[in-house]
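Subject: Structure for you to look through, with notes

Dear colleague,

Please find the sequence and the structure just below, followed by my notes on what turned up when I went through them.

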2 protein chains.
Amino acid sequence: MNDDYIPPKVWTWDKGSGGEFASINRPVAGPTHDKPLPVGKHPLQLYSLATPNGQKVTIMLEELLEAGHDAEYDAWLIRIGDGDQFGSGFVEANPNSKIPAMMDHSASPPRRVFESGAILLYLAEKFGAFLPRDPVARTETLNWLFWQMGSAPFVGGGFGHFYAYAPVKIEYAIDRYAMETKRQLDVLNRHLATNRFMAGDDYSIADMAIWPWYGRLTTGGVYNDADVFLDGASYDHVLRWTREIAARPAVKRGIIVNKTSGDPARQLWERHDASDFALRTQDKLSD
Amino acid sequence: MNDDYIPPKVWTWDKGSGGEFASINRPVAGPTHDKPLPVGKHPLQLYSLATPNGQKVTIMLEELLEAGHDAEYDAWLIRIGDGDQFGSGFVEANPNSKIPAMMDHSASPPRRVFESGAILLYLAEKFGAFLPRDPVARTETLNWLFWQMGSAPFVGGGFGHFYAYAPVKIEYAIDRYAMETKRQLDVLNRHLATNRFMAGDDYSIADMAIWPWYGRLTTGGVYNDADVFLDGASYDHVLRWTREIAARPAVKRGIIVNKTSGDPARQLWERHDASDFALRTQDKLSD
C-alpha cells in the first residue's frame with residue numbers, strides 16, 4: 001500500500017496484483033481456449049451463474065413460465081472462477097466475457113443476447129410481458145432498468161469489492177462507495193414510498209433488475225455484514241418491496257438456478273426442465 | 001491514508017471526505033432546494049451538461065435533426081458543481097440527480113426520461129431512427145447500448161476518479177481500473193476490427209453511447225494524460241472508428257452543447273435553436 005504512489009507514464013500489467021479476483025481480471029479481451037458451448041433441447045439457452053446479474057434473467061424466465069409463456073430454457077453453468085467465460089464459444093456469445101449470455105435458437109442463425117439488461121428487454125419484447133404497454137409506465141420501466149445498469153457497478157465493482165474482497169481495506173475507497181450505495185438505496189426508498197413497484201402498480205423487468213442487487217442490501221447475506229454497515233434495514237420501503245418480491249414463487253425458483261454456493265438445498269447447478277426444481281423440497285424453498 | 005483500516009460496524013458520513021467531488025457526493029437522495037426547471041418553446045426539454053453522458057444525447061438530437069426529423073429541443077445547463085441537480089424540479093425529472101434528464105412535452109402530462117441510455121432508446125423509438133429494424137442488428141445495438149451503461153462506470157467512476165481526481169494516488173485502485181478500462185478498449189477493438197460500427201454497417205445509438213466515453217481515450221484530452229497511460233492509440237480499430245464518428249457534422253455540433261469548459265469557441269452553454277451554432281465559426285468547429 002502506497003499513498004505517495006506516482007503512476008508510470010504508461011501502465012503495464014503486473015500479473016501478481018488484483019487480489020481475490022486476480023485470476024479472472026485481465027487487461028485484454030478474447031478467448032483463452034477453444035471450448036464450444038453446450039446446447040440443450042429448448043429454444044433459449046442461458047449461460048450463467050447465480051450472481052445478481054445472473055439471477056435477474058433466471059427470475060425473468062421463471063416469471064414468464066409462471067405466467068404461462070412458452071419460455072422453456074436450458075441454464076448452463078459458467079464457472080467464472082475457472083475461466084469458463086474465456087472459452088471460445090462463450091466469447092462468441094458475449095465478447096465481453098461476462099455472465100449472463102443467452103442464445104435464442106428460435107432465430108436462424110441463433111441470435112446472441114448479452115448484458116443482463118439487454119436480455120431482460122429482449123425477453124420482455126419477445127413474450128410481450130413485464131414491460132407495460134402504457135407509454136408512461138413503459139418509459140418509467142426503461143428509465144429504472146437503465147438506472148440499475150449504470151448504478152450497480154458502484155455497488156458491486158465498487159462497494160462490494162473494496163468492503164469485502166480487496167486484499168487491503170482502503171478507507172477512502174470504502175467511504176466513497178458506501179456513500180454512493182447509500183445514496184442509491186435512498187433513491188429507491190423515496191421512490192418506493194409512493195410506488196408499489198418500480199414502474200408503479202405493475203411488477204416489471206425494472207423490479208427484476210433492481211431486486212437482486214439492492215434487496216439483499218436490506219436483508220443481509222451479502223458482502224459479509226454489509227447490510228449492517230449500510231444500515232440497510234432503515235430503508236423501510238425498499239425492505240417492504242424486497243419482501244414482497246422475495247415471496248413470489250418464480251423468484252424463489254429463479255434465484256437458485258446456476259447457484260453453486262451457500263445452502264446445498266438451494267443450489268440448482270443446471271436447469272433443463274421444470275421438474276429439476278423437484279430436487280429441492282418445497283419446505284426448504286419457502287422458508 | 002490508512003491501509004490497516006478497520007471499518008466501523010455502521011458507516012457514518014464524514015462530510016469532510018470525498019476529494020474534489022465532496023460537494024456533489026451525498027449519501028442521501030432528494031432535493032436540497034426549491035427550484036423549478038425552465039421550459040422553452042420546443043417539445044423536447046433537455047437538462048444536461050457536456051460530460052460524456054450528456055454528449056450522448058445532444059449528439060443524438062443533432063443527428064436526428066441532421067437526418068430531417070422534427071427533433072427540435074431546448075438544452076438547459078445544469079451546473080453539477082453548483083448543485084443544480086439537487087433542485088426540486090430536476091429531482092422530479094430525475095430522482096437520481098444525475099445529468100442528462102429530459103422532459104417530453106409532446107406527451108400530456110409531460111413525460112420524464114432519465115438515464116442517458118433510456119433517453120437514447122426513447123428518442124430512437126420516438127423518431128424511428130438509429131435503432132435498426134432488422135432483428136439481428138437491433139438486438140446487437142441493444143446489447144452494446146447496455147454494455148456501455150454497465151461498463152463505463154468502471155471508466156469514469158473508477159479509472160478516471162482514481163487516476164485523475166482522487167485526493168491521493170492509490171496504486172491498487174488505479175491498477176484495478178486501468179486494467180478493466182484496457183480490457184474494455186480491447187473488447188471494442190476486437191469488435192471494430194470486423195465491424196464498421198458497433199451494430200455492423202449502420203451507425204446507431206450504440207455508437208452514440210460508446211463514442212463519447214471510449215473514443216477520447218484513444219485520442220487524448222481526458223483525465224490528464226490518460227490516453228498515454230492506457231496506450232489508447234494502440235487500439236487502432238477504435239481509433240479508426242473514433243475518427244470517422246468525430247467527422248460527422250452532427251457530432252461536431254452535439255459535443256459542444258452545454259459545454260462550459262475548454263476552448264471558449266467550442267462552448268455553447270445553452271441551445272435553443274439551430275441558429276445558436278452560428279455563434280461558433282465553422283472554421284473553429286471543423287478542425
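Does A:Ser116 count as buried or exposed? Before I answer, please keep in mind that this is a predicted model, and that what follows is computed from that model. At 4% relative accessibility, A:Ser116 counts as buried, because the cut-off for that word is anything under 20%. This serine is found in helix α3 of chain A, and its side chain is joined to that of A:Lys56 by a polar contact of 2.8 Å. If its neighbours within four places in sequence are set aside, A:Ser116 is in contact with A:Asn53, A:Lys56, A:Val57, A:Pro100 and A:Met149. A:Ile78, by comparison, lies 38 residues away from A:Ser116 in sequence and 15 Å away in space, taken from C-alpha to C-alpha.

With a relative accessibility of 8%, A:Ser97 counts as buried.

Chain B has backbone features of these kinds too. B:Ser108 and B:Pro109 are joined by a cis peptide bond with omega at about -5°, and B:Pro109 has its place in the loop between β3 (101-104) and β4 (111-114) of chain B. Phi is positive, near 65°, at B:Asn258, which is a residue other than glycine. B:Asn258 lies in the loop between α9 (249-254) and α10 (282-286) of chain B, and at 1% relative accessibility it counts as buried.

Back in chain A, A:Asp84 is found in the loop between β2 (73-77) and α2 (88-93), and its relative accessibility of 16% means that A:Asp84 counts as buried. A polar atom of the A:Asp84 side chain lies 2.8 Å from the backbone nitrogen of A:Arg79. Not counting residues up to four places away in sequence, A:Asp84 touches A:Lys35, A:Leu77, A:Ile78, A:Arg79 and A:Phe90.

Now to the interface. How many residues does the contact take from chain A and from chain B? It takes 75 residues from chain A and 75 residues from chain B, and the two chains bury about 6,900 Å² between them, 63% of it on carbon and sulfur atoms. In chain A, the residues that lose the most area to chain B are A:Trp11, A:Phe146 and A:Tyr172, which together make up 12% of what that side buries.

As for polar interactions, the count between chain A and chain B is 31 residue pairs in polar contact, and four salt bridges are found across the interface. A:Arg112 and B:Glu140 meet through their side chains in a salt bridge, at 2.3 Å from N to O. The elements that give two or more residues to the side of chain A that touches chain B are β4 (111-114), α3 (116-127), α4 (135-165), α5 (171-192) and α7 (226-229) of chain A, and the largest share of that side, 21 residues, comes from α4(A). By class, the side of chain A that touches chain B has 41 nonpolar, 15 polar and 19 charged residues.

Finally, a word on helix α5 in each chain. α5(A) has 22 residues and reaches 31 Å from its first C-alpha to its last, which is close to the 32 Å expected at 1.5 Å a residue. Of the 22 residues of α5(A), 20 are buried, so this helix is largely enclosed by the rest of the structure. In chain B, helix α5 (residues 171-192) has 22 residues and a reach of 31 Å between its first and last C-alpha, close to the expected 32 Å. α5(B) is likewise largely enclosed by the rest of the structure, because 20 of its 22 residues are buried.

With best wishes

Terms used:
Residues numbered from 1 in each chain as written. Chains lettered and ligands numbered in written order. Predicted model: local features only at pLDDT ≥ 70, side-chain atom pairs only at ≥ 80, totals over all residues. Heavy atoms only, no water. Contact = heavy atoms within 4.5 Å. Buried area = accessible area lost by both parts, 1.4 Å probe. Polar contact = N/O pair within 3.5 Å; in protein donor to acceptor, adjacent residues only side chain to side chain. Helix = DSSP H or I, 4+ residues; strand = E, 2+ residues; numbered from the N terminus. Nonpolar A, V, L, I, M, F, W, Y, C, P; charged D, E, K, R; others polar. Expected span 1.5 Å × (residues − 1). Buried < 20%, exposed > 50% of the residue type's maximum accessible area, 1.4 Å probe, protein only.
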